[in-house]
Amino acid sequence: MAAGMAVSAVGYLLIAAWPADLANASYGPLPRMDVDLVVTGLGLGLVIAPVSSAALAFVPAARHGVASAAVVVARMMGMLLGISALSAWGFHRFHALTADLKPPLPFQMSKDEFARQLKVYNAAVDDALRTEYQEIFWITAGLCVLGAVLALAAGGRDARQDRDDGRIRPSIRHTGRDLGKDSATGQVPSDGLGNILGKDG
């Protein structure tokens, strides 16, 4: 988990540093955009299996289905909340960066002057967009670093081990049918035959 989050952080930092002319940027023969996206996706992909494994190790086998579903739901909710929060912050940031920009109007000026001012205005908007996205990806990279630190902190903990005496204990009491026990009370019947009605029952 920590390695995957660290690789993702590096990928997001690379994305945050994308130049304005991204179409022509490359790492030798490889397009820069493709390489950076592959690095980021690889890191995120490495996290999926360890997270699922940790969740399954935390619960008894009878709850593995619920645990797997909970991991998927948590991952989807995390993506939705993360994208929503970063998008809201990005819109606010873009509004702040362009608050003083005024689009030129083609009145009382020549066509050449209007074209020049419009070019300056569009360049300022493009710079604001690049700044907004760069900061979004910087924040995302920081969250990945935080995730890597939390993964390292949780890596040494075994939820199935009792810290006091080292004995393995079930995380939930078994209340189902068990040989020799009443399924309702969990107590051994007095006749010892596993039937609360007795031998004739």
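**Exercise 1. Work out how α1 and α4 are oriented towards each other, and which residues meet between them.**

The model is a predicted one, in which local features need pLDDT of at least 70 and side-chain atom pairs count only at pLDDT 80 or more, while totals for chains, interfaces and linings use all residues. Residues are numbered from 1 along each chain as its sequence is written, and side-chain values use heavy atoms, with hydrogens and water left out.

Step 1. Helices here are DSSP runs of H or I with at least four residues, and strands are runs of E with at least two, numbered from the N terminus. Two packed helices are described by the angle between their axes and the distance between the axes.

Step 2. The angle between α1 and α4 is about 165 degrees, and their axes lie 8 Å apart, where axes are lines fitted to C-alpha atoms over the stretch in contact and angles run from 0 to 180 degrees between N-to-C directions.

Step 3. Contact means heavy atoms within 4.5 Å; the residues of α1 that meet α4 include Met5, Ser8 and Tyr12, and among their counterparts in α4 are Phe137, Ala141 and Cys144.

**Exercise 2. Find the aromatic pair and say which parts of the chain it ties together.**

Step 1. Rings of Phe, Tyr and Trp (its six-membered ring) pair if their centres lie within 6.5 Å, and planes under 30 degrees apart count as stacked, over 60 as edge-to-face and the rest as tilted. By this rule there is one aromatic pair.

Step 2. The pair is formed by Tyr12 and Phe137, which are stacked at 6.1 Å centre to centre with 15 degrees between the planes.

Step 3. Tyr12 belongs to helix α1 (residues 2-16) and Phe137 to helix α4 (residues 111-154), so the pair ties together parts that are 125 residues apart in sequence.

Step 4. Buried means under 20% relative accessible area, exposed over 50%, and partly exposed in between, with a 1.4 Å probe and protein chains only. Tyr12 is buried at 15% relative accessibility, whereas Phe137, at 24%, is partly exposed.

**Exercise 3. Describe the surroundings of Ser8.**

Step 1. Ser8 lies in helix α1 and counts as buried, with 0% relative accessibility.

Step 2. Leaving aside residues up to four places away in sequence, Ser8 touches Thr40, Gly43, Leu44 and Cys144. Of these, Thr40 and Gly43 are among the buried residues of α2, and Cys144 is one of the buried residues of α4.

Key. Angles under 35 degrees count as roughly parallel, over 145 as roughly antiparallel, 65 to 115 as roughly perpendicular and the rest as oblique.
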